[in-house]
Amino acid sequence: MFGVGPQEIVIIGLLVLIIFGPSKLPQMARDFGRFVGEARRSIDEFKEELTAGYEEEPEDRKPRKRRERDL
């Protein structure tokens with residue numbers, strides 16, 4: 001995961017525990033979870049907008065109907 005091994009993750013976790021203390025960790029985990037959820041929703045909405053825009057072909061790219069004088 002991002003070039004970080006299990007040992008580095010444990011060290012980072014211990015540093016966070018020492019810096020913020022055990023009482024702040026649950027709130028920080030909830031906030032981080034909310035952030036990740038909102039980021040995923042935003043990315044999904046952006047993807048939907050892109051695909052919806054791609055599926056709708058602009059008027060200038062649609063084939064024109066032939067008129068009698070064009071035949």
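Modeller: A residue is called buried when its relative accessible area is under 20%, exposed when that value is over 50%, and partly exposed in between. The model is a predicted one. By that criterion, buried residues account for 1% of the 71 residues in the protein chain. The chain exposes about 7400 Å², and 60% of this area is supplied by carbon and sulfur atoms. Its secondary structure consists of two helices and zero strands.

I begin with the nonpolar side chains. Ile-11, Leu-15, Ile-19, Phe-20 and Met-28 form a nonpolar patch on the surface, and together they have about 490 Å² of accessible area. Helix H1, residues 6-20, makes the largest contribution to this patch, with four residues. H1 comprises 15 residues and spans 21 Å from its first C-alpha to its last, close to the 21 Å expected at 1.5 Å a residue. Just after H1, Gly-21 adopts a positive phi of about 85°. Met-28, by contrast, is placed in helix H2. A patch residue must have over 30% relative accessible area. Met-28 has a relative accessibility of 31%, so it counts as partly exposed.

The charged side chains come next. Asp-44, Glu-45, Glu-48 and Glu-49 gather on the surface in a patch of negative charge. One of these residues, Glu-45, is found in helix H2. Its relative accessibility is 47%, and therefore Glu-45 is classed as partly exposed.

There remains the pairing of opposite charges. Side chains of opposite charge can pair when their charged atoms come close. The cut-off applied here is a side-chain nitrogen of Lys or Arg within 4 Å of a carboxyl oxygen of Asp or Glu. Under this rule the count is one salt bridge. In that salt bridge, the side chains of Asp-31 and Arg-34 meet at 3.6 Å, N to O. Both residues belong to helix H2, residues 25-55, where Asp-31 and Arg-34 lie three residues apart, about one turn of the helix. Asp-31 is partly exposed, because its relative accessible area is 38%. Arg-34 also counts as partly exposed, with a relative accessibility of 49%.

Technical notes: Residues numbered from 1 in each chain as written. Predicted model: local features only at pLDDT ≥ 70, side-chain atom pairs only at ≥ 80, totals over all residues. Heavy atoms only, no water. Buried < 20%, exposed > 50% of the residue type's maximum accessible area, 1.4 Å probe, protein only. Areas by Shrake-Rupley, 256 points an atom, 1.4 Å probe, with all protein chains shown as cover. Patch = residues over 30% accessible without salt bridge, like charges linked within 9 Å, V, L, I, M, F, W, Y side chains within 5 Å. Expected span 1.5 Å × (residues − 1). Lys, Arg positive; Asp, Glu negative; His and termini not counted. Charge placed at Lys NZ, Arg CZ, Asp CG, Glu CD.
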